[in-house]
Amino acid sequence: MSYIDLGIFVAYMLAMLGVGFFYMRKNSDQEDYYVGGRNIGHWHIGLSVVATDVGGGFSIGLGGLGFVMGMSGSWMLFTGLLGAWLAAVVLIPRVKSDPAFAKFFTFPQIIGHLYNSTTAKVAAVICFLGYLGFTSSQLLAGAKLASGTFKELDLSYALLVMGAIAVVYTVMGGLKAVIYTDTIQWIVLMAGLMFIGIPISYNFVGGWEGIQSTLPQEFFSFSNLRWQDLANWGITIIPIWFVGMTLYQRIFAARDVQSAKKAWFIAGLFEWPIMALLGVSLGLLSRVAVEQGALEGFTTAMDPEMGLPVLLSQILPAGILGLMMSAYFSAVLSTADSCLMAASGNLTTDIIGKYFKQKSLKEEMRMSQLLTLLIGIVAIIIAWQMTEVLSLMLYSYAFMVSGLFVPVVAGLFFGQNSATAATSSMIAGGSLTAGLIIAEVSLPLGLDANLFGLTLSLLTFLSVIYFEKINSSKLKSI
């Protein structure tokens, strides 16, 4: 990597740290730190939402899907569009217009309002663990990108560098730093993909003639996938829009219902088709380059998620490489910072919030920053033990969805208030999904563990409600 590229990259990273420092000086309390003062416009919210949801993990993961299956991999983010628009129509009016939620910071506070404090704590633990894993996946994505781009940088050292940058500016600036840097990062990423990555990669492999003569036709088809792939993506990604802590933080941060709804419509459109097609196209182009033998030291037997960074590192000229790497690191940071804020919010507000009650506003801020730092360190350690970005992300999503989706839908839209049913379903669903994933059980029809966890969660909820009604009827008859 040339000194020009290194200079551009370092300047970009310093600019992100500068934003964090700027908002550290402006934030006065947890209202600023966790929900941005509740006065942020729809474009900033929308771009932040899509930057967080797609981010580095899905960018690298989409590249891997494009490398393995071609254009059909884009359907994964179609489920993101469905989830975003469904949440805009159904969830946001219910949450944002309810005065009971007007001062909330986190998703588990909603669960606590719908049920009770014990249920809220169980939800907080599930959210915390899920977003801790999700933060780790983003840091791993950044490390893969860095080590694939810079030959002198091994994966472990890259993880330390990326982790330090993401953690430090998030600790300093809170949600305002996250949202405003997300806007910058997403613009940089989109411009980098559209005007640098795609055109140069396309020409490098010989244009359409080179692509068509190298890959089989199924790589250009949108039906080169199994129904199980679409089902697994849908059952994992669509419900996350109803339980994602990062998304509730942005609903709380939006100015009003209309701003939040516009933000979600913007986010869905950017997810699919825009980002979906850009991501898999670059992955497909990296596969073409490998098949042509044009990427030094890389074969189809190697990690497909490394194909994209290796391609870019070998074809981009000095100066342009620094810009493109800044674009991709933007995507990584935009998700890592949001997930880190979500995990921190769960811990400080929902799990150990009682210890903050006697603290001054300044002490609350300092404690929040310290805990964010500690969570970031743990996330780096977890990422150190993992190898595949997309799997770690989807496992984290699956764990949260299978534990949280049924209780929040039942409470918000069906007026259920049984804390026993909610707590039981969360523990049953989340535990089954986590157990199946950890045990690496081979499941029927190639379906994901999440489907079975969600099913158990629903059956548990309904069973408890049923037995409570029976017991209530018996008591009345006595």
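This is a predicted model: local features need pLDDT of at least 70, side-chain atom pairs count only at pLDDT 80 or more; totals for chains, interfaces and linings use all residues.
A quick word on the ground rules. Local features need pLDDT of at least 70, side-chain atom pairs count only at pLDDT 80 or more, and totals for chains, interfaces and linings use all residues. Residues are numbered from 1 along each chain as its sequence is written, and side-chain values use heavy atoms, with hydrogens and water left out.

On a 1 Å grid over the protein atoms alone, a cavity is a set of points where a 1.4 Å probe fits but cannot get out, and lining residues have an atom within 4 Å of a point. The largest cavity comes to about 80 Å³, where a volume is the space filled by probe spheres set on points joined across faces, edges and corners. Its lining includes Val 49, Thr 52, Asp 53, Tyr 131, Phe 134 and Tyr 397. Helix α3 (42–53) gives the most to this lining, with three residues, while α7 (117–149) and α12 (245–253) are also among the elements supplying at least two each. Helices here are DSSP runs (H or I, at least four residues), numbered from the N terminus. By class, the cavity lining has seven nonpolar, two polar and one charged residues; Ala, Val, Leu, Ile, Met, Phe, Trp, Tyr, Cys and Pro count as nonpolar, Asp, Glu, Lys and Arg as charged, and the others, Gly among them, as polar.

On to the pockets, each an open set of grid points with protein on both sides within 12 Å along at least five of seven lines. The largest pocket holds about 710 Å³. Of its 29 lining residues, Asn 232, Ser 391, Leu 394, Tyr 395 and Asp 448 lie nearest the centre. This lining has 15 nonpolar, seven polar and seven charged residues. The second largest pocket holds about 430 Å³ and is lined by 14 residues, with Leu 392, Tyr 395, Ser 396, Ile 437 and Ile 438 nearest its centre. Helices α7, α17 and α18 each give two or more residues to that lining.

Finally, the helix pair. The axes of α10 (residues 227–237) and α17 (residues 389–413), lines fitted to C-alpha atoms over the stretch in contact, come within 8 Å and cross at roughly 60°. In contact terms (heavy atoms within 4.5 Å), Ile 235, Thr 236 and Ile 237 in α10 meet Leu 394, Tyr 397, Ala 398 and Val 401 in α17. Those residues divide into six nonpolar, one polar and no charged.

Conventions
Axes are lines fitted to C-alpha atoms, for helices over the stretch in contact, and angles run from 0 to 180 degrees between N-to-C directions.
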